[in-house]
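User: I am new to this structure and would like to go through it step by step. Could you begin with the terms needed for describing how helices pack?

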Amino acid sequence: MLGRSHRIVIGKHSGFAAITSLLSELQLSVTAEQTETILARVRKHAIEHKGRLPGTVVAIWHDIHEGSLVKGA
């Protein structure tokens, strides 16, 4: 079947909904506060590294998720 395929591209202009959608698609749970933190770090990384962020969102999610587990312990 032919047709358009859609994908989410994450970069410095990405918003809250894009991050939420991507993490949901990857079945990664996140709070609104964590999403804001991820978004800020994604934007900073995109500006510093001038390009797309393959795998960066997931790496940031892991970092934040592990940090919240340490705080909760």
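Analyst: Angles of 65 to 115 degrees between axes count as roughly perpendicular. Please note that the model is predicted.

User: At what angle do α1 and α2 pack?

Analyst: Helix α1 (residues 16-25) packs with helix α2 (residues 32-49) at an angle of about 110 degrees, and their axes are 10 Å apart. The two helices are therefore roughly perpendicular to each other.

User: Which residues make the contact?

Analyst: From α1, the contact involves F16, I19, T20 and L23. From α2, the residues are A32, T35, E36, I38, L39 and V42.

User: How many of the contact residues are nonpolar, polar or charged?

Analyst: Seven are nonpolar, two are polar and one is charged.

User: Changing topic, how many salt bridges does a search of the whole structure find?

Analyst: The search finds two salt bridges. One joins the side chains of D63 and R41, at 2.7 Å from N to O. This pair links distant parts of the chain, as D63 is in helix α3 (residues 56-72) and R41 is in helix α2, 22 residues apart.

User: How exposed are D63 and R41?

Analyst: D63 is partly exposed, with a relative accessible area of 40%. R41 also counts as partly exposed, at 34% relative accessibility.

User: And with which residue does E48 form a salt bridge?

Analyst: E48 pairs with K44, and their closest N and O atoms are 3.9 Å apart. Both residues lie in helix α2, four residues apart, which is about one turn of the helix. K44 is exposed, with a relative accessible area of 52%.

Methods. Residues numbered from 1 in each chain as written. Predicted model: local features only at pLDDT ≥ 70, side-chain atom pairs only at ≥ 80, totals over all residues. Heavy atoms only, no water. Axes fitted to C-alpha atoms, helices over the stretch in contact; angles between N-to-C directions. Parallel < 35°, antiparallel > 145°, perpendicular 65-115°, else oblique. Contact = heavy atoms within 4.5 Å. Nonpolar A, V, L, I, M, F, W, Y, C, P; charged D, E, K, R; others polar. Salt bridge = Lys/Arg side-chain N within 4 Å of Asp/Glu carboxyl O. Buried < 20%, exposed > 50% of the residue type's maximum accessible area, 1.4 Å probe, protein only.
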